[in-house]
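Me: Could you walk me through this protein model, one question at a time?

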Amino acid sequence: MSLDKGRPELRQITDARTLRALAHPVRLALIEELSVGGPLTATEVGERIGETPTTCSFHLRQLAKYGLVEEAGGGRGRARPWRMSTVGLNIKAARGDTESEVAATTLARMFLDRSLQRYQTWRDTRRTYPEEWQDATTDSTYLFYVTADELGELKEELHGLLMDRYWDRLDDPSRRPPGAAPVEMLVISYPVSPPSDTSGGTDAEGT
């Protein structure tokens, strides 16, 4: 079976205008909440992120303007439920476009900072979780030598594994098994130094 079978298409965002529109704390919070618990009304999502319904309504309309969220149907005014337009987003700067590169870097940093804040909250509160959840989580760092092509292949394999196995649970609660909880996994890869022509390497290391 092809890994792509049934996999949703991520929304590709490369233009500077959309990237800048998304780079707002309230809008990022709205997207995060709709991704986990949508559809939600402006009032419901406002209660979750600590903002007024009026503020949320304004930013939801702005996100809809750029095709990032949409009305889920039913309700009127602030009682209208909203949902994400796609299952996920792929943020990437347009090559050779300085404005896009700056906007993408800013937005990526904002997403990462928010994720790291949630990770720190987990570290501070992990003892309040059942032991099976504490044991199932991981704090791992790996170092290995690969080429750019190999790293790209690894990225696609990890992406395919997660998307093919779990993506349909995001917008279909009936597919979530009893005891399931929203889990955030950060996959970050980067060279720690420029490539060289030196031969040889080391085996993968994990800590």
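Reply: Gladly! Buried means under 20% relative accessible area, exposed over 50%, and partly exposed in between, with a 1.4 Å probe and protein chains only. The model is predicted, so local features need pLDDT of at least 70 and side-chain atom pairs pLDDT 80 or more, while totals for chains, interfaces and linings use all residues. Residues are numbered from 1 along each chain as its sequence is written, and side-chain values use heavy atoms, leaving out hydrogens and water.

Me: Is Ala-29 buried or exposed?
Reply: Ala-29 sits in helix α2; helices (H or I, at least four residues) and strands (E, at least two) are DSSP runs numbered from the N terminus. Its relative accessibility is 9%, so Ala-29 is buried.

Me: Which residues does Ala-29 touch, beyond those up to four places away in sequence?
Reply: Contact means heavy atoms within 4.5 Å. Leaving out residues up to four places away in sequence, Ala-29 touches Ile-49 and Arg-114.

Me: How are α2 and α4 oriented to each other?
Reply: Axes are lines fitted to C-alpha atoms, for helices over the stretch in contact, and angles run from 0 to 180 degrees between N-to-C directions. For α2 and α4 (residues 53-65) the angle is about 80 degrees, with the axes 10 Å apart. Angles under 35 degrees count as roughly parallel, over 145 as roughly antiparallel, 65 to 115 as roughly perpendicular and the rest as oblique. The two helices, α2 and α4, are therefore roughly perpendicular.

Me: Which residues of α2 make the contact with α4?
Reply: On the α4 side, the contact includes Phe-58, Leu-60 and Leu-63. On the α2 side, the residues are Val-26, Arg-27, Leu-30, Ile-31 and Leu-34.

Me: What is the volume of the second largest pocket?
Reply: On a 1 Å grid over the protein atoms alone, a pocket is an open set of points where a 1.4 Å probe fits, with protein on both sides within 12 Å along at least five of seven lines; lining residues have an atom within 4 Å of a point. Grid points are joined across faces, edges and corners, and a volume is the space filled by probe spheres set on the points. For the second largest pocket, that volume is about 320 Å³.

Me: Which element gives the most to the lining of the second largest pocket?
Reply: Among the residues closest to the centre of this pocket are Leu-34 and Arg-83. Both α2 (25-37) and β3 (82-84) supply at least two lining residues. With four residues, the element that gives the most is α2.
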